[in-house]
Amino acid sequence: MIEAKEFLSIHESRAFLGVSRSFLYKIKEEKRIQAYALGKKTYFKKSDLENLFKPKS
C-alpha cells in the first residue's frame, strides 16, 4: 500500500527507508526534509523521502 500513498506516517517512512525513528526526527530537526503535521501525527512526503539519498546535481 505504501506505493500508492503520497504522504507516509513515521512508521511507514521508517519501513520505506529502513531507518530508525530517531533518524527521521533528526533529519526533520536539521531541516533536511519537510515534515507535515496533522493533529499529533507527523507525515513525510514520499517523493521527499525518495530524493533524500540521491546525489545533488
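Two strands count as paired here if DSSP finds at least two bridges between them. Keep that in mind for the close-ups below, which show a predicted model.

**View 1. The whole chain, from one end to the other.** Along the sequence, the pattern reads β-α-α-β-β-α. In total, that gives three helices and three strands. The C-alpha trace spans about 35 × 25 × 20 Å along its principal axes. How does the radius of gyration sit with that of a compact globule? For 57 residues such a globule would come out near 10 Å, and the chain has 11 Å, so the two agree.

**View 2. The three-stranded sheet.** Here the strands line up in the order S1-S3-S2, in an open sheet with antiparallel pairing. Strand S1 (7-9) and strand S2 (35-38) sit at the edges; each has a single partner strand, so one side of each has no neighbour in the sheet. On average, neighbouring strands are turned by 40° against each other, direction ignored. As a reminder, strands of a sheet pair through backbone hydrogen bonds, either parallel or antiparallel.

**View 3. Zooming in on S1 and S3.** S1 runs antiparallel to strand S3 (residues 41-45), and three bridges join them. Which residue of S3 is the bridge partner of Phe7? Look for Lys45. Helix H1 (residues 10-17) packs on the sheet and touches both S1 and S3. The direction of H1 makes about 100° with that of S1.

**View 4. Where H1 meets H2.** H1 packs against helix H2 (residues 21-29) at an angle of about 100°, and their axes are 9 Å apart. Angles of 65 to 115 degrees count as roughly perpendicular, which is why H1 and H2 get that label. On the H1 side, the contact is made by Ile10, Ser13, Arg14 and Leu17. H2 brings Arg21, Leu24 and Tyr25. Sorted by class, the contact has four nonpolar, one polar and two charged residues.

View 5. How much of the chain is buried? Of the 57 residues, 25% count as buried, with the cut-off set at under 20% relative accessible area.

Conventions
Residues are numbered from 1 along each chain as its sequence is written. This is a predicted model: local features need pLDDT of at least 70, side-chain atom pairs count only at pLDDT 80 or more; totals for chains, interfaces and linings use all residues. Side-chain values use heavy atoms; hydrogens and water are left out. Helices (H or I, at least four residues) and strands (E, at least two) are DSSP runs, numbered from the N terminus. Axes are lines fitted to C-alpha atoms, for helices over the stretch in contact, and angles run from 0 to 180 degrees between N-to-C directions. Contact means heavy atoms within 4.5 Å. Angles under 35 degrees count as roughly parallel, over 145 as roughly antiparallel, 65 to 115 as roughly perpendicular and the rest as oblique. Ala, Val, Leu, Ile, Met, Phe, Trp, Tyr, Cys and Pro count as nonpolar, Asp, Glu, Lys and Arg as charged, and the others, Gly among them, as polar. The radius of gyration is taken over C-alpha atoms; the globule rule is 2.2 Å times the number of residues to the power 0.38. Buried means under 20% relative accessible area, exposed over 50%, partly exposed in between (1.4 Å probe, protein chains only).
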